[in-house]
Amino acid sequence: MCSVINRVKPVQRALALGLRLRTSTESLSCTAADSRRFCPGVRAVLEPLQATSRRCCSSMASTKGLFFRQLYELESTTYTYLLADTETKEAVIIDPVLETIDRDLKLIHELGLNLKVAVNTHCHADHITSTGLMKKRLVGLKSAISKFSGASADIQLSEGDKIKFGKQYLTVRETPGHTDGCVTLVLADQSMAFTGDALLIRGCGRTDFQQGCAKTLYQSIHEKIFTLPDECLVYPAHDYLGQTVSTVGEERKFNPRLTKNLEEFVNIMNNLNLPKPHKIDISVPANLVCGVHEL
Ligand SMILES: N[C@@H](CCC(=O)N[C@@H](CSS)C(=O)NCC(=O)O)C(=O)O
Ligand SMILES: [Fe+2]
């Protein structure tokens with residue numbers, strides 16, 4: 001019994017801290033097999049942890065028929081997400097970065113995917129999107145961004161729109177506050193939310209440029225993201241501490257900014273005193289035209 005408790009406690013600690021667990025097969029599979037032999041009290045602790053571990057693997061999908069991959073761009077610390085219908089091979093890419101276009105297109109080609117839409121969660125200030133260049137390289141690809149972003153794209157998104165790929169789709173939830181044109185993209189079964197720079201893991205997007213507004217961001221996150229199921233996985237556009245994924249439940253409980261009341265939140269956001277993103281002056285104008293100067 002003691003040795004079992006000793007194995008469970010680090011897992012609980014890791015979950016409480018929001019750290020990524022290794023996959024169930026690596027860290028919990030033997031205990032899953034063993035768990036049937038444990039007393040009900042131990043099983044009650046262990047089994048939800050095994051389920052969470054399976055769900056929290058940052059690059060796997062638990063939705064049937066969904067391919068999912070989290071990709072990373074080193075310089076701007078950006079996460080790009082590739083999702084596809086495993087049957088039809090239709091795919092969507094979220095927040096692709098210019099520097100990693102060759103890597104992303106190679107992967108799409110190797111996997112035999114038919115990329116339908118390249119979507120930006122907002123007009124990024126810290127890096128240049130690859131959506132415009134991708135359109136030049138992939139026939140039929142459409143770019144998408146919020147109609148409130150001020151940026152040009154083939155598809156101007158607004159609240160409730162669906163981005164379809166095969167039998168799967170993402171629903172658009174407008175989550176302004178970091179910028180006017182920020183959207184969160186939610187998978188049909190609400191198991192995953194791509195929050196851009198609105199909600200970050202244990203943080204949130206800054207509100208001191210690009211029409212940022214702390215009050216608006218607070219309302220967006222509480223009304224449009226924290227109303228999703230607790231188990232919904234949160235995939236942000238950036239993480240500066242190496243964290244890859246969180247959940248709505250975790251962020252509701254542990255996010256040091258969003259657990260405050262509105263007044264305290266506004267005060268925190270108005271006193272972040274962050275330096276401007278070093279590429280802001282080239283990124284914003286470029287991203288207003290999908291990262292290229294003619295579409
Ligand atoms: N050092 C980076 C920029 C870092 C930064 O400002 N990140 C933004 C998201 S990208 S617009 C942000 O909202 N950060 C919130 C925070 O609390 O860190 C660079 O020079 O590019
Ligand atoms: Fe941003």
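In which sense do β7 and strand β8 pair, and over how many bridges? Select residues 162-165 for β7 and 168-174 for β8: the two are antiparallel, with four bridges. (Strands here are DSSP runs of E, at least two residues, numbered from the N terminus, and two strands pair if DSSP finds at least two bridges between them.)

A word on the ground rules: this is a predicted model, where local features need pLDDT of at least 70, side-chain atom pairs count only at pLDDT 80 or more, and totals for chains, interfaces and linings use all residues. Residues are numbered from 1 along each chain as its sequence is written, with chains lettered from A and ligands numbered from 1 in the order in which they are written.

Stay on the hairpin: two residues separate β7 from β8, and Gly-166 in the turn has a positive phi of about 60 degrees. Across the pair, Ile-163 sits opposite Leu-170 of β8.

(Buried takes 20 or more other C-beta atoms within 10 Å of the residue's own, with C-beta atoms placed from the backbone.)

Next stop, Ala-91 in strand β3, residues 90-94. Ala-91 counts as buried because it has 24 C-beta neighbours inside 10 Å.

Definitions and conventions. A residue is buried if 20 or more other C-beta atoms lie within 10 Å of its own, exposed if 12 or fewer, and partly exposed in between; C-beta atoms are placed from the backbone.
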